Amino acid sequence: MQFLRWSFCLFADFLEGEITMLKFNSKDRVVTNATLAKQIARQEKNEVLKQLHTTINGLNPVQAKQRLGQDGLNEVSNKEHHPKLHFLIDAFMTPFTGVLLFLAGLSFLTNYVFVPADQKDLSTVIIMIMMVLISGITSFIQNVKTSDAVDSLLNMVSVTTNVKRAGEDKELPTKDVVVGDIINLAAGDLVPADMYLLKSKDLFCSASSLNGESSPVEKMADQKPKESDNYLDYPNILYEGTNIVSGSGMGVVFATGDKTVFGNLARTLAQNKNKETTFDIGIKNVSKILLIMTAVIAPLVFLINGLTKGDWLNALIFAIATAVGLTPEMLPVIVTSNLVKGSIEMAKHETIVKRMNSIQNFGSADILCTDKTGTLTQDKVVLERHYNLNLEEKSKVLELSYLNSYYQTGMKDLIDKAVIDAAQGELDTKKINQNYQKIDEIPFDFKRRRMSVVVMNQQHEHILVTKGAAEEMLACSNRVEIDGSISPLDEDQRQKILTEIDEMNQDGLRVVLLGYKENPAPVGEFSIDDENELILVGFLAFLDPPKDSAKAALTALKEDGIAVKILTGDNEAVTRNVGKQVGLNIDRVYQGKDLENKTDAELKQMVQACNVFVKLSPQQKAQIIDLLRQDGHTVAYMGDGINDAPAMKAADVAISVDTAVDIAKKSADIILLHKDLMILEKGVQIGRQVFGNTMKYIKITLSSNFGNILSILVASSFLPFLPMLPIQLLILDLMYGTSCLSIPFDTMNKHYLSEPRKWSTKKLPKFMFYFGPTSSIFDIITFALLFFVVCPQVIGTSYVAAGATQKLIFSAIFCTGWFIESLWTQEMVIHALRDPKLPFIKQHATAIVTWATIGMAVVGTVLPFITPIAKAIKFGPIPMYFLAIVFLLLILYIALTTLVKKWYLNSEKYLI
Ligand SMILES: Nc1ncnc2c1ncn2[C@@H]1O[C@H](COP(=O)(O)OP(=O)(O)OP(=O)(O)O)[C@@H](O)[C@H]1O
Ligand SMILES: [Mg+2]
């Protein structure tokens with residue numbers, strides 16, 4: 001994925017073309033699939049049911065099984081069904097592979113096509129192809145490995161749908177849904193297939209995951225589309241891939257899987273819509289700089305060598321090799337390997353990383369925002385008290401609240417679960433179900449913060465039962481009932497209720513108020529307007545304790561330099577209590593309404609200074625994230641509710657838990673399957689490690705390459721021959737690149753991991769200018785030693801005095817000498833620059849890195865001494881004592897690098 005995006009980014013025009021193509025294709029498919037929607041939308045309910053061979057009670061299991069066999073699973077076969085093929089394409093579609101293949105093609109012309117038969121040589125082409133293969137195949141294997149690990153975990157996150165089969169409501173896996181199924185929908189649900197609405201109640205549906213359109217639209221079962229309506233806006237049709245924001249409904253499925261209108265489009269669009277992070281942009285910039293650098297340097301090398309040596313063909317071949325040497329062909333694979341290693345490690349801790357790139361985002365996050373219930377607190381809420389207004393435990397209070405929780409369908413909420421659990425323990429709920437019949441409901445929404453159910457008792461009287469947040473309930477009540485007697489709700493009562501709630505809140509209890517009204521206005525349907533003149537009857541107090549690991553996890557995050565902020569829809573007192581329990585330092589709390597009518601500057605100041613925000617609307621949660629991001633913070637958001645989805649979309653990293661509602665799980669980049677919040681800290685550490693290792697490769701390779709360019713330019717200007725043969729240059733590059741594949745297995749020191757780090761492209765040139773020339777100094781010393789001491793010593797005379805054959809041996813020895821020195825310095829500088837301390841003594845790379853780098857250098861050193869290889873690669877007879885010189889130079893080089901590091905760190909905080 002990563003690769004594909006880079007390539008796309010680098011070739012912006014290409015990107016445009018590709019996306020237009022994608023839209024075009026998908027639209028074609030949409031058009032064909034939409035025909036059924038257009039036809040069905042205008043039919044009556046009975047006709048639709050008949051056409052789909054189903055009834056209002058749903059299919060029976062036999063029919064369902066048969067249809068599943070016929071139509072297949074309700075899944076979209078998109079590229080995810082051929083992930084291996086896709087990964088393969090992704091792995092090879094990088095800008096660097098493009099450059100390498102181009103150069104290989106050029107090499108093919110210069111070394112094979114346009115040369116006499118006896119000089120035809122394919123070795124350079126083969127080496128370049130090998131580079132492409134090594135980087136491509138490694139990254140392919142990595143991607144397949146993670147996708148397998150992530151898939152098996154994703155299977156553990158159940159996505160279910162409430163389906164009516166043979167008259168019974170059941171939670172079934174979404175992929176088992178078939179045409180003709182009757183589906184019940186509630187807020188937070190993802191629409192599982194294309195459906196015709198049979199019933200709806202204040203049903204609002206959002207297509208934001210498809211088209212980014214954030215405002216939800218109301219869907220109505222009994223409304224037929226107008227002639228002019230676009231089929232996507234039909235009021236009585238719900239499309240797969242959209243989600244229910246509030247309200248409830250029931251519909252019949254008319255298309256599943258590939259036959260849905262949005263199926264394919266949804267997923268492909270969602271994949272392209274990934275947020276671009278500073279890291280992505282950074283990598284893109286580095287790639288750009290390198291490609292430009294190559295485009296400038298290679299012709300320069302060509303010109304200098306052509307002019308000084310007169311052999312233009314050889315100069316061209318050498319320039320091509322230099323260009324290959326400058327191309328960090330391993331950059332994409334190293335970034336991927338790092339991310340893959342991170343996600344596999346997270347997977348071991350039962351954490352799903354849905355979007356790999358979010359790992360390094362997590363490492364750079366400096367703020368974690370979270371909601372409260374279900375994330376910071378346990379995913380089990382318990383009803384502790386059901387008091388009347390005199391604070392006496394009353395079963396009437398429980399009975400009424402049970403009716404409300406049991407009959408509501410608009411919300412899947414821990415509060416309602418707790419009420420039902422408590423009632424089933426204390427009351428004869430079967431009898432209650434018989435005594436009361438559901439008439440209607442007014443679903444929950446996050447603005448009203450209350451929900452109502454209308455039931456009918458055996459005397460055929462209607463009762464409206466409402467429960468909700470305290471202030472919101474007080475606002476629509478005008479009476480109170482205590483021990484059967486009803487009196488007006490006066491100011492004293494109101495204050496008393498608020499004080500009592502406050503006290504319960506201080507004890508860590510979450511309180512909801514319960515009210516009712518007999519014989520509410522029964523004309524037509526019930527609506528929000530009916531929630532007035534209620535009689536308050538009692539308090540429902542819930543225990544919502546923090547997760548055991550919450551405090552330790554937040555403390556650990558704080559030590560890691562991450563500020564934690566709670567963004568909740570709940571009230572101040574409860575939130576303060578929870579905050580205290582999880583060890584959050586709370587001195588200021590802002591309410592949702594405090595954020596209204598403020599300038600951007602004021603808002604930024606507020607979100608910066610405060611770490612608890614209460615009574616927020618879903619949009620305000622997202623607004624706070626946006627403000628923090630605008631201020632340069634990298635923000636992670638952890639949530640589990642439908643009201644968290646906008647914030648999750650706004651954040652750099654969205655985290656959710658497996659008990660979350662579907663839309664939250666869908667918006668999440670990371671899903672925690674484990675209850676233990678310490679995984680957050682682990683994730684941050686892994687993210688920082690990934691970031692550090694990627695930076696390590698980039699910085700070290702950039703400075704090495706820069707040093708090599710300087711050396712090559714110096715050598716080209718002064719030497720009468722090429723400082724290294726093109727084939728040798730390529731082998732050197734291949735060996736260095738391959739050993740760098742071990743970098744993702746390296747560690748970062750504790751100090752590095754203790755702070756959030758952000759990409760900064762600005763720091764790169766300085767690093768290059770400090771450490772590149774340092775390595776050139778030693779190259780130039782090597783050149784001098786080889787030219788004036790070693791080579792003349794072997795052939796017995798200086799270059800100028802040597803004959804033609806001797807000159808050839810002279811230059812072969814020279815090339816061999818620089819090959820060995822250059823390989824060792826490149827491999828060893830990985831150790832020197834990976835950490836500010838003295839390498840091999842005060843700091844050690846991991847065993848894999850040590851073995852890979854030293855092993856590769858040893859292999860490279862041995863090559864010239866193996867006669868057939870030496871012959872093939874045109875190495876010269878380098879004397880053994882030269883190795884001692886290299887060893888000495890290496891020690892000096894590491895010493896000098898250590899000094900330069902000190903010097904660099906005088907003005908910079910970090911090395912890597
Ligand atoms: N099922 C329910 N029935 C009645 N009222 C509810 C219900 N769920 C929530 N509320 C009320 O709405 C308020 C806001 O909802 P909620 O607490 O879920 O928001 P939130 O931002 O997700 O908060 P949290 O951080 O606790 O998850 C609650 O404080 C509560 O008073
Ligand atoms: Mg919540």
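**The contact between domain 1 and domain 3**

Modeller: Across the interface of domain 1 and domain 3 there is one salt bridge. This is a predicted model. The bridge joins the side chains of Lys201 and Asp440, with 3.2 Å from N to O. Two residue pairs are in polar contact between domain 1 and domain 3, both at pLDDT 80 or more.

Now the strands. On the side of domain 1 that touches domain 3, β3 (182-186), β4 (194-206) and β7 (243-255) each supply at least two residues. The largest share of that side comes from β7, with three residues.

Next, where the domains lie in the chain. The assignment gives domain 1 as 1-74 + 177-270 and domain 3 as 382-543. It also gives domain 2 (352-377 + 547-673) and domain 4 (684-907). Nine residues of domain 1 and twelve residues of domain 3 take part in the contact. The area buried between domain 1 and domain 3 is about 720 Å². Carbon and sulfur atoms give 47% of that area.

One helix deserves a separate word. Helix α15 covers residues 414-426. Its 13 residues should span 18 Å at 1.5 Å a residue, and the end C-alpha atoms are 18 Å apart, which agrees. The buried residues of α15 are Leu414, Ile415, Asp416, Ala418, Val419, Ile420, Ala422 and Ala423. An α-helix has 3.6 residues a turn, so residues three or four places apart point the same way.

Terms used:
Residues numbered from 1 in each chain as written. Chains lettered and ligands numbered in written order. Predicted model: local features only at pLDDT ≥ 70, side-chain atom pairs only at ≥ 80, totals over all residues. Heavy atoms only, no water. Helix = DSSP H or I, 4+ residues; strand = E, 2+ residues; numbered from the N terminus. Expected span 1.5 Å × (residues − 1). Buried < 20%, exposed > 50% of the residue type's maximum accessible area, 1.4 Å probe, protein only. Domains from an automatic or database assignment. Contact = heavy atoms within 4.5 Å. Buried area = accessible area lost by both parts, 1.4 Å probe. Salt bridge = Lys/Arg side-chain N within 4 Å of Asp/Glu carboxyl O. Polar contact = N/O pair within 3.5 Å; in protein donor to acceptor, adjacent residues only side chain to side chain.
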